[in-house]
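Work through the exercises below with the sequence and the 3D structure in view. Each task is followed by its solution.

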Amino acid sequence: MSGRPDSDTGPEAADSQAAADQDESHDLLDESDDLPHESDDLLDESDDLLEDARRARWTAAGTGAALTLAGLAAALLRLIRSAPALVPAAYAGGAAVCAAAAVLGSRGRTRRALWLLIAGVMVMALGDQFD
């Protein structure tokens, strides 16, 4: 059995088959309206990515600015007290690196900003070891 109507069937069978196919296609269209659209999902996902990127930029810029201020304050405190000249220079150098990280972070280069923040804090820690 091939599944096709026999040749001796009349036009009734062909019309009923066409009507069944049409009903089936309408059912598929009705079901597709119930499903969430992919374009809505993509828009939501892109909004989430933009929000994550914005949050990363603000975090990198804010952390860089805070560490810059902390490094400059430490450099000024060590400069006022009697300490080797290398100590305030290390704090100031670390603060400069953190300031560069804040600028990069505000421009969206958050990965590079993170590495610069780590390097700046390490330079400041080196100045602390010299003290």
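**Exercise 1.** State what share of the residues of the protein counts as buried.

Solution. Buried means under 20% relative accessible area, exposed over 50%, and partly exposed in between (1.4 Å probe, protein chains only). Of the 131 residues of the protein, 17% count as buried.

The model is predicted: local features need pLDDT of at least 70, side-chain atom pairs count only at pLDDT 80 or more, and totals for chains, interfaces and linings use all residues. Residues are numbered from 1 along each chain as its sequence is written, and side-chain values use heavy atoms, leaving out hydrogens and water.

**Exercise 2.** List the secondary structure and find the elements with the lowest and highest mean pLDDT.

Solution. Helices (H or I, at least four residues) and strands (E, at least two) are DSSP runs, numbered from the N terminus. The protein has 4 helices and 0 strands, in the pattern α-α-α-α. pLDDT is the predictor's confidence in each residue, from 0 to 100. Where pLDDT is low, the predicted coordinates should not be read in detail.

**Exercise 3.** Find what share of the contacts between residues at least 6 apart in sequence joins residues at least 24 apart.

Solution. A contact means heavy atoms within 4.5 Å. Among contacts between residues at least 6 apart in sequence, the share is 67%.
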